[in-house]
Amino acid sequence: MDTMAAVAAAPITRSQMIARAKTWNPGTSKRVPYSQTKTRGGYRTDCSGYVSMALGLGKPGPITVGLAKSTYTRSIKIADLRRGDLLIDAIGSNTTRHVVIFDRWANAKRTSYWAYEQRGGYGTDYRTRSYGLSSGSEYKPYRALNIREDAPVPPPTITRAQVIARAKTWSPATAQRVPYSQTKTRGGYRTDGSGYVSMALGLGKPGPITVDLAKPAYTKPIAMNQLLQGDLVIDPVGGNTARMVVIFDRWADAKHTSYWAYQQRAGYGTDHRIVTHGLKAGTQFRAYRPVRIR
């Protein structure tokens, strides 16, 4: 059992946690060797000690079983995993239990993810894992009670002409277009729909996801008939393969039954084409205006 006295941990943002995880030089020759008895900076150099250090918990850190208790974490769903969340196998002995820090999904189908961990026989590592993704796995997803979301970075002011000019840099609808990917990047931005829009708007890299683009930190809802060049049409509903965002360019006809839009679309890449998203009854697409557009 965890014999360490529970001490309320100070709040920590996801970015701060990952930054702390990187201080043990994961996956490099300077990584911290694994040990269940030695310490570094007061924290045990085993998997739970490493996670405790990253979270800023009391030294030397609770053991893996302790991390899975309501004192430190709460259960979440696999689909809800976000950077800085944990996957814990709290069953068995001290030689079989393990905990890793989730960083990001490694592919669009979510069959593996990048994780930080302190692993036996190696030390601090950063590699792709699939713990917890198979049926019957003893690994379960958890969110630390002291973890906090990062404050959105205020996007810079940008003109409508600048948005379109940036959108064109990915060579839409040409042989030089940027291929679509939810894991790859170009110039620091994800090469998916929301990453492309984030690039065009000059937002922080790698860019907020589609769901976040529809939040007040980045946009405000408007009526479809108010759309101007550089505004967005967003479907923020569903999974990461169902959501979509496009950049409004201009109406394609006088009756406003379709419009030209820039988008990074799956199976093709950067495009400029006529679409009708948001114009039909019952659609999940809505019109939004970037808060810093001028």
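Which residues of helix α4 are buried?

In helix α4, which spans residues 160-168, the buried residues are R160, V163, I164 and A167. They sit on the same side of α4, because the arc they cover around the axis is only 95 degrees. That arc is taken from the directions that run from the helix axis to the C-beta atoms. Here, buried means under 20% relative accessible area, exposed means over 50%, and partly exposed lies in between (1.4 Å probe, protein chains only).

What do these buried residues of α4 pack against? Their partners are α5 (193-201) and the strands β15 (244-251), β16 (259-265), β17 (269-275) and β18 (286-290). A contact means heavy atoms within 4.5 Å.

## About the model

This is a predicted model, in which local features need pLDDT of at least 70 and side-chain atom pairs count only at pLDDT 80 or more, while totals for chains, interfaces and linings use all residues. Residues are numbered from 1 along each chain as its sequence is written, and side-chain values use heavy atoms, leaving out hydrogens and water.

## The whole chain

The protein chain holds 6 helices and 18 strands. Both are DSSP runs numbered from the N terminus: helices are H or I with at least four residues, strands are E with at least two. Of its 294 residues, 47% count as buried. The C-alpha atoms fill a box of roughly 75 × 40 × 35 Å along the principal axes. Among contacts between residues at least 6 apart in sequence, 55% join residues at least 24 apart.

## Salt bridges

Now for the charged side chains. There are 16 salt bridges in the structure; each is a side-chain nitrogen of Lys or Arg within 4 Å of a carboxyl oxygen of Asp or Glu. One of them joins R82 and E149, with the closest N and O atoms 3.3 Å apart. This pair links distant parts of the chain, 67 residues apart: R82 is in the loop between β4 (73-75) and β5 (86-89), and E149 is in the loop between β10 (147-148) and α4. R82 is partly exposed at 38% relative accessible area, and E149 is partly exposed at 43%.

R143 and D85 form another salt bridge (2.8 Å, N to O). R143 lies in strand β9 (residues 140-144) and D85 in the loop between β4 and β5, so the pair ties together parts 58 residues apart in sequence. Are R143 and D85 buried or exposed? Both are buried. A network of salt bridges links R14, R82, D85, R143 and E149.
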